[in-house]
Amino acid sequence: MTALWTLSLLLSASLLGCLAVTSPDGSPLPHNLPPSLGTNSSDGSLSVDLPMALRVFSMDYHHVQAPFEIVLWIMLASLAKLGFHWSGRVPAVVPESCVLIMVGLLVGGVIYGVRHSAPPTLSADAFFLFLLPPIVLDAGYFLPGRLFFENLGTILWYAVLGTLWNVLGIGLSLYGVCLLAQSSLGDVSLLHCLLFGSLIAAVDPVAVLSVFQEMQVNEQLHILVFGESLLNDAVTVVLYKLFESFLRLPSVSGLDVLLGGCRVVVVGIGGLCVGLFFGLLAALTSRFTSRAQVIAPLFVFLYSYLSYLTSEMLHLSGIMAIVTCAATMKQYVEANVSERSKTSIQYFLKMWSSVSETLIFTFLGVSTIQDIHMWSWPFVCSTLLLCLIWRATGVLLLTAFVNKLRRNAVTFRDQFIIAYGGLRGAICFSLVFLIDDFPKKRLFITTTIVVILFTVFVQGMTIKPLVELLYVKRKKRALPTLSEEIHSRLIDHLVAGIEDVVGYWGQHYWKDKFEQFNKKYLRRFLIRNDRQASSSILRVYQELERREQRGVEEEAPPIVDPRSQGRSLLPEEMESIRRILSRNLQNFNNKQTPAYSRHTLHQDTSVDRTRKPLYRHQSLGERYSYNTITHFQGEDGGLSEPQRVRTGLSRSHTVCSISPRSTLLDSSDSAGPAQTRSMDPKAAREDLVSPKHQETVERAARKHLSFVLENEKQQ
């Protein structure tokens with residue numbers, strides 16, 4: 001642990017040294033020029049002189065400045081994350097995002113103290129073009145399809161209507177605050193308040209995923225929060241660009257508002273279509289990679305990133321495009337590539353998204369140390385309060401309507417976690433820097449940073465204790481078995497058939513229709529013939545095997561303390577343990593515990609004993625035993641040795657059940673081998689069904705059982 005933090009400090013010092021080489025405006029300092037360059041021309045321009053002597057060692061930092069600093073930043077953030085996971089009890093109390101932001105604040109403060117200027121900030125282009133796509137791609141590729149589509153209506157309800165509720169509520173309320181504080185906030189217009197409301201209402205999926213994955217909440221709550229935050233970003237970015245376009249217009253009319261609403265729909269559906277196109281194209285390309293399996297994983301990343309860039313180029317929703325592309329191509333690509341390629345895709349996606357997430361939170365802390373802050377108590381405090389109030393009321397009102405249409409209602413505890421889990425992050429931080437310059441832009445930046453720090457630190461650190469305090473249902477740790485998956489699919493087919501019979505077109509009906517279309521056309525066209533699974537059960541089994549293998553590989557190896565190993569046992573102790581085990585085993589074998597069989601009913605002791613008992617159906621072995629006895633019985637009623645062996649074998653193959661007949665046969669066999677008795681079947685059956693004899697046998701069994709228990713107590 002100490003070594004990790006020492007390496008982090010060394011990397012920070014190296015980074016500071018590299019940043020000191022450049023001036024605050026980014027231009028190189030004059031004393032860092034290579035020794036072979038000089039100013040020989042009359043106008044002061046640089047010209048090349050011949051070196052006076054050959055130098056053995058020289059340095060040209062500016063040739064590798066950009067990649068060198070990027071590698072140092074990634075290394076510093078990764079070491080901070082590694083130190084967080086080896087810091088004992090810290091991960092149980094503080095979320096990982098909080099620790100990374102604190103590391104960024106520390107590094108940013110040191111850079112500001114050394115250079116006396118603002119540290120480098122995370123630009124909006126770098127965030128939206130390089131850091132956000134890997135995180136969204138990882139979320140879309142590993143999206144639980146069944147849960148997502150079963151709760152798609154509720155997710156869209158939260159993401160679309162809930163976002164509109166928050167944006168309009170926060171924007172209009174902040175405009176009212178600006179009207180009340182005319183002296184300091186009088187120059188903030190209604191469109192500026194709506195623009196700020198659109199960016200501050202963005203629930204960041206990066207922050208939500210980093211917190212909710214550590215809590216291991218139940219699947220329904222996790223998919224509602226995650227799906228809402230994922231689609232919420234697409235809606236907020238579209239609304240942000242819409243209000244930004246309104247600000248650049250000289251005046252806004254009703255027609256502009258109508259066209260803006262149509263633009264929101266076009267942007268969302270357009271991103272969906274672009275992602276679907278590139279997803280099917282990636283699946284078709286992976287069909288022909290059988291002779292070049294090495295480059296098969298590359299197409300997953302290239303087509304996904306190409307869908308995102310194409311959507312951004314066409315001013316469509318890039319988040320919707322990359323999520324749709326990843327979810328579309330997953331099942332077809334994994335069916336075409338080899339197992340090693342699947343593992344490479346999964347681990348590279350996890351690694352890529354983890355690095356992006358680490359850099360985002362680290363730069364959030366670094367970018368907080370700036371000279372551009374402007375403070376206003378009414379605006380900042382009102383924004384914090386309004387974000388909490390409007391999100392809570394929106395979740396409560398929308399859930400009250402949704403629960404009337406859902407079979408599994410969203411409980412009040414889950415509603416509280418959904419409302420409290422609206423964490424803000426890098427989405428709103430990057431959008432606020434894109435605002436065109438106006439007098440209160442610095443106030444918007446300061447308020448956004450305060451809201452991010454409050455939600456990540458206060459809400460992110462307290463949501464886990466609240467989950468435990470409210471006894472929110474947790475996620476089932478065990479993976480589903482093959483039997484559970486088969487029964488789940490059986491229920492889906494039954495419900496789909498019922499919906500088809502009654503004429504109701506529900507989700508199971510459309511799911512069954514899509515599965516038929518997928519099996520008949522898409523899988524035949526997008527998957528190679530040698531990869532076509534003959535049975536859906538086989539596909540389910542293979543998927544469960546892959547999940548189990550991934551779970552075993554991702555589990556951390558147990559830490560074994562050599563001091564916890566005990567000494568070897570002495571021979572006397574081993575002998576004592578052997579005696580105890582043998583005595584307990586003997587007592588256990590002597591017990592006559594009733595066995596449970598779902599084919600027989602326990603006898604009710606309250607019923608009158610004179611009533612005739614029900615005859616048990618004879619098994620095949622008992623019938624064979626009875627026939628053997630009747631046919632091979634001698635004149636003296638005895639049995640020869642081979643006949644007795646055959647009888648015993650047939651008796652041993654019968655199904656065990658508790659009945660007076662089996663108890664009587666066992667007691668008669670234990671009476672002694674020399675004693676023989678008549679084996680008349682009719683007489684034996686009359687003896688067996690005699691209530692008086694049955695009561696005697698049961699009393700003897702209870703007495704023998706109580707005697708064994710008393711002996712155990714004495715020992």
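The structure is a predicted model, in which local features need pLDDT of at least 70 and side-chain atom pairs count only at pLDDT 80 or more, while totals for chains, interfaces and linings use all residues. Residues are numbered from 1 along each chain as its sequence is written, and side-chain values use heavy atoms, with hydrogens and water left out.

- Leaving aside residues up to four places away in sequence, F127 touches L122, L132, P133, I360, A426, I427 and S430, where contact means heavy atoms within 4.5 Å.

**Aromatic pairs**

- There are 22 aromatic pairs, counted where ring centres of Phe, Tyr and Trp (its six-membered ring) lie within 6.5 Å, with planes under 30 degrees apart taken as stacked, over 60 as edge-to-face and the rest as tilted.
- The pair of Y61 and F68 is edge-to-face, because the ring centres are 6.2 Å apart and the planes stand at 90°.
- In that pair Y61 is buried, at 10% relative accessible area, whereas F68 is partly exposed, at 39%; buried means under 20%, exposed over 50% and partly exposed in between, with a 1.4 Å probe and protein chains only.
- F196, F379, F438 and F444 form one aromatic cluster.

**Salt bridges**

- The whole structure holds 12 salt bridges, each defined by a side-chain nitrogen of Lys or Arg within 4 Å of a carboxyl oxygen of Asp or Glu.
- R146 and D492 meet in a salt bridge at 2.6 Å, N to O; R146 lies in helix 6 (residues 145-150) and D492 in helix 20 (residues 482-502), so the pair ties together parts that are 346 residues apart in sequence.
- E244 and R248 also form a salt bridge, at 3.1 Å from N to O, and these residues are separated by about one helical turn because they are four residues apart in helix 11.
- Salt bridges that share partners join R146, E150, D492 and K511 into one network.

How values were computed:
Helices (H or I, at least four residues) and strands (E, at least two) are DSSP runs, numbered from the N terminus.
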